[in-house]
Amino acid sequence: MVAYHSPSDVEIDRVFHALADTTRRDIVARVLAGEQASISALAARYEMSFAAVQKHVAVLEGAGLVTKQAQGRERIVRGNPERIARARELLARLEELWMARFRQIDALFPDTPSRE
(Lines give C-alpha, C1' and ligand atoms only; values in the text may rest on other atoms or scores of the structure.)
Protein backbone atom coordinates (compact mmCIF):
# COMPACT_ATOMS: atom_id res chain seq x y z
CA MET A 1 0.00 0.00 0.00
CA VAL A 2 1.29 3.44 -0.91
CA ALA A 3 0.85 6.16 1.67
CA TYR A 4 0.14 9.60 0.27
CA HIS A 5 0.72 12.72 2.25
CA SER A 6 -1.93 15.35 1.92
CA PRO A 7 -0.64 18.03 -0.44
CA SER A 8 -0.25 21.48 1.01
CA ASP A 9 -2.15 24.48 -0.29
CA VAL A 10 1.03 25.72 -1.97
CA GLU A 11 1.50 22.39 -3.78
CA ILE A 12 -2.11 22.37 -4.93
CA ASP A 13 -1.85 25.98 -6.10
CA ARG A 14 1.25 25.10 -8.15
CA VAL A 15 -0.48 22.13 -9.78
CA PHE A 16 -3.57 24.07 -10.80
CA HIS A 17 -1.53 27.09 -11.90
CA ALA A 18 0.57 24.80 -14.08
CA LEU A 19 -2.51 23.12 -15.56
CA ALA A 20 -4.18 26.47 -16.26
CA ASP A 21 -2.18 26.83 -19.48
CA THR A 22 -3.16 24.97 -22.66
CA THR A 23 0.41 24.27 -23.75
CA ARG A 24 1.35 22.89 -20.36
CA ARG A 25 -1.72 20.65 -20.29
CA ASP A 26 -0.74 19.36 -23.72
CA ILE A 27 2.83 18.68 -22.62
CA VAL A 28 1.57 16.76 -19.58
CA ALA A 29 -0.85 14.76 -21.72
CA ARG A 30 1.90 13.85 -24.19
CA VAL A 31 4.39 12.67 -21.59
CA LEU A 32 1.77 10.85 -19.52
CA ALA A 33 0.72 9.01 -22.67
CA GLY A 34 4.20 7.54 -22.76
CA GLU A 35 5.84 9.98 -25.10
CA GLN A 36 9.28 10.37 -23.54
CA ALA A 37 10.41 13.53 -25.21
CA SER A 38 13.35 15.81 -24.94
CA ILE A 39 12.65 19.47 -24.46
CA SER A 40 13.86 20.12 -28.00
CA ALA A 41 11.48 17.45 -29.38
CA LEU A 42 8.62 19.06 -27.46
CA ALA A 43 9.62 22.51 -28.70
CA ALA A 44 9.39 21.29 -32.30
CA ARG A 45 5.67 20.57 -31.75
CA TYR A 46 4.74 24.13 -30.81
CA GLU A 47 4.88 27.45 -32.58
CA MET A 48 7.06 29.01 -29.91
CA SER A 49 10.71 29.22 -29.07
CA PHE A 50 12.73 26.52 -27.38
CA ALA A 51 13.14 28.88 -24.41
CA ALA A 52 9.36 29.29 -24.08
CA VAL A 53 8.82 25.52 -24.03
CA GLN A 54 11.68 25.20 -21.56
CA LYS A 55 9.89 27.68 -19.28
CA HIS A 56 6.64 25.73 -19.57
CA VAL A 57 8.47 22.53 -18.62
CA ALA A 58 10.08 24.34 -15.67
CA VAL A 59 6.63 25.37 -14.38
CA LEU A 60 5.40 21.79 -14.76
CA GLU A 61 8.49 20.48 -13.00
CA GLY A 62 8.02 22.98 -10.16
CA ALA A 63 4.48 21.67 -9.72
CA GLY A 64 5.75 18.08 -9.68
CA LEU A 65 3.78 17.16 -12.79
CA VAL A 66 6.86 16.20 -14.80
CA THR A 67 10.48 15.30 -14.16
CA LYS A 68 13.54 15.92 -16.28
CA GLN A 69 16.36 13.44 -16.57
CA ALA A 70 19.65 13.93 -18.32
CA GLN A 71 20.23 11.48 -21.13
CA GLY A 72 23.42 12.41 -22.88
CA ARG A 73 23.07 16.00 -24.02
CA GLU A 74 19.27 15.90 -23.91
CA ARG A 75 16.88 16.43 -21.03
CA ILE A 76 14.08 13.85 -21.20
CA VAL A 77 10.72 14.93 -19.81
CA ARG A 78 8.54 12.30 -18.14
CA GLY A 79 5.11 12.64 -16.58
CA ASN A 80 4.41 12.12 -12.89
CA PRO A 81 1.05 10.30 -12.69
CA GLU A 82 1.16 10.32 -8.88
CA ARG A 83 0.81 14.11 -8.81
CA ILE A 84 -2.08 13.96 -11.27
CA ALA A 85 -3.73 11.33 -9.05
CA ARG A 86 -3.46 13.64 -6.04
CA ALA A 87 -5.08 16.50 -7.95
CA ARG A 88 -7.83 14.13 -9.10
CA GLU A 89 -8.39 13.00 -5.50
CA LEU A 90 -8.77 16.61 -4.37
CA LEU A 91 -11.28 17.29 -7.14
CA ALA A 92 -13.19 14.13 -6.22
CA ARG A 93 -13.42 15.29 -2.59
CA LEU A 94 -14.68 18.69 -3.71
CA GLU A 95 -17.19 17.05 -6.02
CA GLU A 96 -18.46 14.89 -3.16
CA LEU A 97 -18.98 18.01 -1.04
CA TRP A 98 -21.08 19.53 -3.80
CA MET A 99 -23.04 16.33 -4.31
CA ALA A 100 -23.78 16.20 -0.57
CA ARG A 101 -25.11 19.76 -0.77
CA PHE A 102 -27.35 18.82 -3.68
CA ARG A 103 -28.66 15.83 -1.73
CA GLN A 104 -29.51 18.17 1.16
CA ILE A 105 -31.40 20.46 -1.20
CA ASP A 106 -33.19 17.50 -2.76
CA ALA A 107 -34.27 16.39 0.72
CA LEU A 108 -35.79 19.82 1.35
CA PHE A 109 -37.80 19.73 -1.85
CA PRO A 110 -39.09 16.22 -2.37
CA ASP A 111 -40.82 15.48 -5.63
CA THR A 112 -44.41 16.58 -5.52
CA PRO A 113 -46.99 14.14 -6.83
CA SER A 114 -48.46 15.10 -10.17
CA ARG A 115 -52.07 16.32 -10.13
CA GLU A 116 -54.18 14.66 -12.72
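Hi everyone. Read along the sequence, our chain runs α-α-β-α-α-β-β-α, which comes to 5 helices and 3 strands. Helices here are DSSP runs of H or I with at least four residues, strands are runs of E with at least two, and both are numbered from the N terminus.

A word on where this comes from. This is a predicted model, in which local features need pLDDT of at least 70 and side-chain atom pairs count only at pLDDT 80 or more, while totals for chains, interfaces and linings use all residues. Residues are numbered from 1 along each chain as its sequence is written, and side-chain values use heavy atoms, with hydrogens and water left out.

Let's start with the inside. Of the 116 residues in the chain, 28% are buried. Buried means under 20% relative accessible area, exposed means over 50%, and partly exposed is in between, with a 1.4 Å probe and protein chains only. The largest nonpolar core has 19 residues, and V53, V57 and L65 have the most contacts inside it. The elements giving two or more residues to this core are α1 (9-19), α2 (22-32), α3 (39-43) and α4 (50-62). By nonpolar core I mean a set of buried Ala, Val, Leu, Ile, Met, Phe, Trp, Tyr and Cys residues joined through side-chain atoms within 4.5 Å.

So what does V57 touch, not counting residues up to four places away in sequence? The list is I27, I39, L42, V66, K68 and V77. A contact, here and below, means heavy atoms within 4.5 Å.

On to α4. This helix has 13 residues and reaches 18 Å from its first C-alpha to its last, close to the 18 Å expected at 1.5 Å a residue. That expected span is 1.5 Å times one less than the number of residues. Which residues of α4 are buried? They are V53, H56, V57 and L60. Looking down the axis of α4, these buried residues fall within an arc of 95°, so they line one face of the helix. The arc is taken from the directions from the helix axis to the C-beta atoms. Covering the buried residues of α4 are elements including α1, α2, α3, β2 (66-71) and β3 (74-79). After α4 comes G64, whose phi is positive, near 80°.

How does α2 sit against α4? Their axes come within 10 Å and cross at roughly 70°, which makes α2 roughly perpendicular to α4. On the α2 side the contact is made by T23, R24, I27 and V28, and on the α4 side by V53, H56, V57, V59 and L60. The axes are lines fitted to C-alpha atoms, for helices over the stretch in contact, and angles run from 0 to 180 degrees between N-to-C directions. As for the wording, under 35 degrees counts as roughly parallel, over 145 as roughly antiparallel, 65 to 115 as roughly perpendicular, and the rest as oblique.

Now α1. Its buried residues are E11, I12, V15, A18 and L19. They cover an arc of only 130° around the axis, which puts them on the same side of α1. On the other side of this helix, D9, D13 and H17 are exposed. The buried residues of α1 pack against α2, α4 and α5.

That last partner, α5 (residues 81-108), has 28 residues and reaches 41 Å from first C-alpha to last, close to the 40 Å expected at 1.5 Å a residue. In α5, R83, A85, R86, A87 and L90 are buried, and what covers them includes α1. The two helices α1 and α5 pack at an angle of about 100°, with axes 11 Å apart, and are therefore roughly perpendicular to each other. E11, I12, V15 and F16 of α1 make this contact with R83, A87, L90 and L91 of α5.

Within α1, take a look at V15. At 2% relative accessibility, V15 counts as buried. Leaving aside neighbours within four places in sequence, V15 is in contact with A63, L65, R83 and A87. From V15 to A87 is 72 residues in sequence and 7.5 Å in space, C-alpha to C-alpha.

For contrast, here is A33, in the loop between α2 and β1 (37-38). Is A33 buried or exposed? A33 is exposed, with a relative accessible area of 68%. A33 and R78 are 45 residues apart in sequence and 9.6 Å apart in space, C-alpha to C-alpha.
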